Structures are given as C-alpha cells and as structure tokens.
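Hello! Here is the structure I promised to pass on to you. Have a look at it first, and then read my notes below.

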Amino acid sequence: MRDKHARAYWRANVRILAGLLSVWFFISYVCGILLADTLDAIRFGGFKLGFWIAQQGSIYVFVVLIIVYVVLMDRLDARYRSDSEKGVSREDQS
Amino acid sequence: MTVQLWTYIFVALSFGLYIGIAVWSRAASTNDFYVAGGGVHPLANGMATAADWMSAASFISMAGLISFLGRDGAFYLMGWTGGYVLLALLLAPYLRKFGKYTVPDFIGDRYYSRSARLVAIFCAISVSFVYVCGQMQGAGIVFSRFLEVDITTGVIIGMAIVFFYAVLGGMKGITYTQVAQYCVLIFAYMVPAIFISLMMTGNPIPQIGFGSELTAEYGGGYLLDRLDNLSQDLGFAVYTEGQRATQDVFFITAALMFGTAGLPHVIIRFFTVPSVRDARKSAAYALIFIAILYTTAPAVAAFARTNLLNTVDNAVYEELPSWFSTWETTQLISFDDRNGDGRVQYSGDAETNELQVNRDIMVLANPEIAQLPNWVIALVAAGALAAALSTAAGLLLVISTAVSHDLLKRSLLPGISEKQELLFARLAIFVAILIAGYFGINPPGFVAEVVAFAFGLAAASFFPAIVLGIFYRRMNREGAIAGMLAGFLFTAGYIVAFKFVVPELSTPEHWWFGISPEGIGTLGTLINTVVALTVSRLYPAPPRDIQNMVEEIRLPGAVPAAVNHP
C-alpha cells in the first residue's frame, strides 16, 4: 500500500466485509439450513421459524446487509478522503 | 374479452415500448454499446440489473419448483439473493474501480496474460450460452401457451425482438429496455399474487398472507398447516419440512450464491454506473427490487400448491375447469385414469398417481387455477416474456462483447477501428441469437435446471479468480489459469457425467459426498481456489505494475465528478 491512510482504509474495509459476511453466513447457512429443523419448533402465526428464515427472513436480512454496507462504506470513504487530504506523504490518487 | 386477445394486447404494447426505447437510445460508440457510456443512474441500473438477472427461471419456474420442493426450494431463494450480497461486497465496487468493459478484460489485465483472457472468454461464452438457452425456451413456452403459436414460431418472434434492440442499442438500449421490463415483470408478478392472497387469506400482502389463516370459504386454519396436511394425506412429503440431505441443500445454496456473483452478465452491469459509490448503491437497489419478487415467490408457491391439490384431487375429470384441458393440449399436464373411475387421483405414490404436472407451468397456470380475470392471466404472459427477453439480451451482450472486444480487439485483431469493432459486436449478437434460438427450439431440459448448471459453471470458473485477483495481491497468472480450468472442467465433467452420460446413476448413493450435480459448483469453486493458491506459490509473484493496479482498485478513488444522467 502506498501510505498509511490507504492501508488503514483497506483494513477497515476488510473488517466491515468480515462482519457483514459473518451475519450473511449465520442467517443463511446456520439458521436457514443447518439449524432449520431445530428452529421449526418455534412458531409465529402460521410460520415455523426455520421455514420462515429459509424462505423469507434470510432475504430481508440480505437487503439490510447491503444497505448497511453502502452506509458504512460511504462513511469510510469520506473519512479516508479527508484524512488523505490532510496527509502530505500521499501521491495523487484518482 | 378472451385471454388470447388480452395477451395479444399486452404483448404488443410491451414490445412496442421496448422497440420505442431501443430507437430512442441507439448506441453511437463502443463505449455506449458495451457499458451504456458509463452514465447510468444507480436507481435505473438497479432496476436493469434486477431485470437482467431475474430470468425466465425466476419468473416462470422458481415458484413452481418451490411448490413441488416445499422447504427445500429455499435453496433457490437464498442462493439467488444471498449471492447478491457477495457480489455487492466482494466484486461490484472493485470491478467498477477497475473501469474496463468486461469480465475477461479484468481477468486478462489482472493476470497479465492472453491465455487467462482466452480462458475467461471461453468460460463467459459457455456460461452465457447455457443460460440464454433457458431463456429462449421460457419465451417459447409462453408463446406456445398464450398466443397459441407453436414453440418454433414463438422462439423466432422472441429472437427477432431481442435482436432488434440489442443490435441497435447495445448496452445502452438494453439497459433502458430492461428498466421497462423490470416494471412490466414485477407488476405482472405481483398483481396475481395479491389477488390470490386476498382471495385465500383476506390479506393483500402475499408475504404475510402466506403465514395467515385461510378464509372460511377455503376452510379456515393456517394455510401452511392445511398444505402440510393435504400433502401428507395424498402421500406427498410434508411441505414445510426439508427432504433433501442437509449437505446437499448446503452445497446447492452455495453454488447458486457463488454463481450469481460470478455471472458475467450481472457483473458487467456494474461497469455502467458513473462511480464506485454508485456501483455499491445500485447493488443495493437491485437487491431490493429482486427481493420484492423473491419474497413473493414462496407465497405464490404455497398458494398454487394448495389450490392445485384442492382443485384436482378426487375431482371428476369431466367437470374440471377449462384451464385443465388447455394445458393438457400443450402436454404440460397429463392425466391417465388408471383405475377407470373418471376421477383424478393425485398422489405422491407413483403406483396410484394419475396426474403429471410440469413444474414450469405453476406460475403461468396459477391465475387460471385461482379463476382470476382474463386480463390478469394475460399480464402474466407479458411479464414472463419481459423476464425471458431482458435476461437473454444481457447474456447476448456478454457473448458479443466477449467476441468483438475480448477476442478480436484485445486478443486477435488489435488493429481494428472502433467502427469495425462495433460492427463485429453486432454481427456476434446476430450469430449468438441464431444459436440460442436453435437451442430454444430444441431444448436440453427444464428451464430452471439448465440455468442452475450455468450458475455452477460460473461459480467454479469466475468467482474465485476475480475474488483472489482483488483480495490476494500475490495471485499470479499461473495460479489463476490453473484454478479456472480445474474448477470449470471438474464441474462441467461432473454435470455432464451425471446428467447426460450415466443419468441412471444420478442418485444420492452415487453422488460424491451426496452432492447433486446442481450443487457441485461449490466443490468446483473450492477446487478452483485450492488449485489457484497452490499453483501460485510455485511461480513468481505478479509484476510490480500489476500489484500497483490491485492496490489502486482497492481504494475508493476521487469524488466522482457530476455526471449527466440521461
């Protein structure tokens, strides 16, 4: 990486990805597939929970994940830009 | 008015709209043709991406498949939407930052090698062809049923329309027609779903109606409980319980997720927005637009299944509603009165079952089964065509850019002018449409199954190569090429072996680790990754300028200048 801001940016980016992808894995593979039968014991309305997560809930979570990602990355980008404008060691980046 | 007349009206109106948009948005340059000039608004791109990606399989087949699979059908739902999360987080922003036209462009430049580019071209073309055949076939089913022309004529009409706007407008024409197609298809999907939900449960929101109680007319009680009981009584599996082995569901879901993220015609859409930020935003919009259909589909599946079981079971054949005989003439429903009592016995037990229902017709027949007004039935036909044609157009564009840009301009004939390149792009679409049409008329299998294989192949070839290219700076050309070939050949080999060479052995006992051919793409992805990482260690790291390029695409870039959105 060219400078410390860029390195910090990339590390923060990877951290955000790791966090969001853990949720992604947990809701779809763990709740929607591996534990679906266990979760089916819980009912709300006409739905069994495991079935609902597999066919509905996981999709809502995916939408929320991408929206959270957009917001977090916009903030990170803004911080990176203001940091690197203050920094002097950095080459022009475009 | 009859269904047929309504269908003619809706199809003619929607086709007129697409052609109008195509004329309005003609492509003048290769930049327009390949990436719509890079100036598409994220909201429009989100809709176009949603239409591009929701194919005939999503529209026509998915609810039908779920309706026959019950809970296991969730692998289509989670797989095709969860893959979007991967695409939005791991690929879209970086590929936009990279800023060229195609996936083979990225592979070729990132891995500084003509062979890598050629491998990527080969994978892109094969994946897209497999997928486009499914679309043409879907369009054929709609034409043959609703316009009562034969499938051949149907496919030819579909080909002519796509040809017209894809050749004229390239990506620009395709993008704006896809926006219109999204509106048509989502409207056509939601209207009958809302009608049916209201009728059966009194709740207008299908996502909620699906977990509600049935109205008194339908006998009360929770819909899903009723469906479970009905299924069990007739000897089918309990609807809300999984039947397939857990590891198979796991692998199929993963294959569809990695595949979604690796599909070249979806990735290419993120090259059309003005900035990295817009690429992220448009992925979010796209998933919201997709989620509307994807959360409705399982509700439609449950409604359709309940309705079907209620209507046909033990019904007197002569008294069945008219939709039954219209679908019988297309041979997508067949009834064989084995015990000669003149009634339909529909059962999960193959010995006594008298009814065969093709899964692909559930969405198309659903409004008729629920006795909705004729215009709603016709609307579904227009929506299904929008879904098939929008995806077909996106795929054909990938095929044509792969030939004219990646193969000719960047590999074989670097000297050609922009005008010639544009001509070759249009010629390539023409040839691709002819081949796709041929396979549409002589289809290789179920629409959704064929498409599921395309996902497996995309997962096993592109996904690791692109992700490693971004996230692992030391990945070199030797590793990437070896990985792509290993993943693609392994997956294609497994599918061909079990589906075409020895289909009689395609049972869970013979599958490796109990993984069906639909799920094998996940193993292919893993093989690709392991091979790529191992081989890359044996060869030197990529040159300095490539490593710099990787660092460059990881950064957000300058604040995008104002772009005038057309």
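Chain A of this predicted model has an average pLDDT of 83, and 88% of its residues score at least 70; pLDDT is the predictor's confidence in each residue, from 0 to 100. Among the elements of chain A, the mean pLDDT is lowest for α2(A), at 83, and highest for α1(A), at 90. Helices (H or I, at least four residues) and strands (E, at least two) are DSSP runs, numbered from the N terminus. Over residues 88–94 of chain A, pLDDT stays under 50. Where pLDDT is low, the predicted coordinates should not be read in detail.

A word on conventions: residues are numbered from 1 along each chain as its sequence is written, while chains are lettered from A and ligands numbered from 1 in the order in which they are written. As the model is predicted, local features need pLDDT of at least 70 and side-chain atom pairs count only at pLDDT 80 or more, but totals for chains, interfaces and linings use all residues.

Next, the two chains together. 40 residues of chain A are in contact with 42 residues of chain B, where contact means C-beta atoms, placed from the backbone, within 7 Å. On the chain A side, α1 (4–34), α2 (36–39), β2 (47–48) and α3 (49–86) each give two or more residues. The largest share, 18 residues, comes from α3(A).

Now to chain B, which has 21 helices and 2 strands. Its C-alpha trace spans about 75 × 55 × 40 Å along the principal axes. Buried residues make up 60% of its 566 residues; a residue is buried with 20 or more other C-beta atoms (placed from the backbone) within 10 Å of its own, exposed with 12 or fewer, and partly exposed in between.

The axes of α15 (residues 362–369) and α16 (residues 374–412) of chain B come within 9 Å and cross at roughly 170 degrees. The two helices are therefore roughly antiparallel (an angle over 145 degrees). Among the residues making this contact are B:Val363 and B:Leu364 of α15(B), and B:Val376 and B:Ile377 of α16(B).

Finally, look at B:Tyr112, in the loop between α6 (103–110) and α7 (114–147) of chain B. Its phi is near 35 degrees, a positive value in a residue other than glycine.

Enjoy exploring!

Methods: Two residues are in contact if their C-beta atoms, placed from the backbone, lie within 7 Å. Axes are lines fitted to C-alpha atoms, for helices over the stretch in contact, and angles run from 0 to 180 degrees between N-to-C directions. Angles under 35 degrees count as roughly parallel, over 145 as roughly antiparallel, 65 to 115 as roughly perpendicular and the rest as oblique.
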